[in-house]
Amino acid sequence: MELCHTYGIPHSQFTGAGDGRWTALDRAKALAWLAYTRAVCSGCGTRADEWRPDLGGDPFAYVAVASTCPGCELLAMEREQVPDGPDGRGVKIGLKPRREQ
C-alpha cells in the first residue's frame with residue numbers, strides 16, 4: 001500500500017488485476033492504509049494499540065536497542081566543528097560519496 005500511495009495508483013492495478021480504475025475495495029484499502037499510517041507514532045514508529053493489553057497489545061511488546069549509524073556519527077562530529085555566531089550561520093552539513101570529491 002505504501003507504493004500505491006506513493007504512485008497514486010489503486011492496489012488492484014499494482015497487483016496486476018486492475019485496469020487503473022479505483023474499485024470499492026481499492027478505496028477501502030487506501031482508507032485503511034491512511035488510518036494505519038496516521039496511528040503510527042512519528043517518534044518511535046509504533047502504534048498505541050500495540051502497547052495496550054485491552055486492545056490485544058502487550059506493554060512489553062518492544063525493547064529499546066541502541067545502535068550507532070556511522071554516517072550520523074560523522075555528521076554529529078562535523079556539526080561540533082561549526083562555530084557559534086556569525087561564522088556558523090547558514091552552515092549545512094551533509095554526506096556525499098568520497099568518489100564525488
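**Starting at Trp 33**

Begin by selecting Trp 33, which has its place in helix α3; helices here (H or I, at least four residues) and strands (E, at least two) are DSSP runs, numbered from the N terminus. This is a predicted model, in which local features need pLDDT of at least 70 and side-chain atom pairs count only at pLDDT 80 or more, while totals for chains, interfaces and linings use all residues. Residues are numbered from 1 along each chain as its sequence is written, and side-chain values use heavy atoms, with hydrogens and water left out.

Before going further, colour the model by pLDDT, the predictor's confidence in each residue, from 0 to 100. The mean for the protein is 94, and 99% of its residues reach 70 or more. Among the elements, helix α1 (residues 2-7) has the lowest mean pLDDT, at 92, and helix α4 (residues 70-79) has the highest, at 97. Where pLDDT is low, the predicted coordinates should not be read in detail.

Leaving aside neighbours within four places in sequence, Trp 33 is in contact (heavy atoms within 4.5 Å) with Met 1, Glu 2 and His 5.

Thr 37 is 35 residues away from Glu 2 in sequence, and their C-alpha atoms are 9.5 Å apart in space.

**The nonpolar patch**

Now select Leu 3, Tyr 7 and Phe 14 together, which make a nonpolar surface patch of about 360 Å². Patches are made of residues with over 30% relative accessible area and no salt bridge, with like charges joined within 9 Å and nonpolar side chains (Val, Leu, Ile, Met, Phe, Trp, Tyr) within 5 Å; the accessible areas come from the Shrake-Rupley method with a 1.4 Å probe, and for residues only the protein chains shown count as cover. Leu 3 is found in helix α1 and is partly exposed, at 46% relative accessibility.

**Ser 12 and its contacts**

Move on to Ser 12 in helix α2 (residues 11-14), which counts as buried at 13% relative accessibility. Which side chain is joined to that of Ser 12 by a polar contact? Asp 26 is the partner, at 2.7 Å; a polar contact is a pair of N or O atoms within 3.5 Å, where within protein one must be able to donate a hydrogen and the other to accept it, and residues adjacent in sequence count only if both atoms are side-chain atoms. Not counting residues up to four places away in sequence, Ser 12 touches Ala 17, Gly 18, Arg 21 and Asp 26.

**The salt bridges**

A search of the whole structure finds 3 salt bridges, each being a side-chain nitrogen of Lys or Arg within 4 Å of a carboxyl oxygen of Asp or Glu.

- Select Arg 21 with Asp 19, whose closest N and O atoms are 2.3 Å apart; Asp 19 is exposed at 53%, and Arg 21 is exposed at 60%.
- Select Arg 47 with Asp 49, where the closest N and O atoms are 2.8 Å apart; Arg 47 counts as buried at 19%, whereas Asp 49 is partly exposed at 30%.
- Select Arg 52 with Asp 54, where the corresponding distance is 2.6 Å; Asp 54 is exposed at 56%, and Arg 52 is partly exposed at 39%.

**Last stop: Glu 50**

Finish at Glu 50, in the loop between α3 (24-38) and α4. A polar atom of the Glu 50 side chain lies 2.6 Å from the backbone nitrogen of Arg 47. Not counting residues up to four places away in sequence, Glu 50 touches Gly 57, Asp 58, Ala 61 and Tyr 62. Of these, Tyr 62 is 12 residues from Glu 50 in sequence, with a C-alpha to C-alpha distance of 9.1 Å.

Technical notes. Buried means under 20% relative accessible area, exposed over 50%, partly exposed in between (1.4 Å probe, protein chains only).
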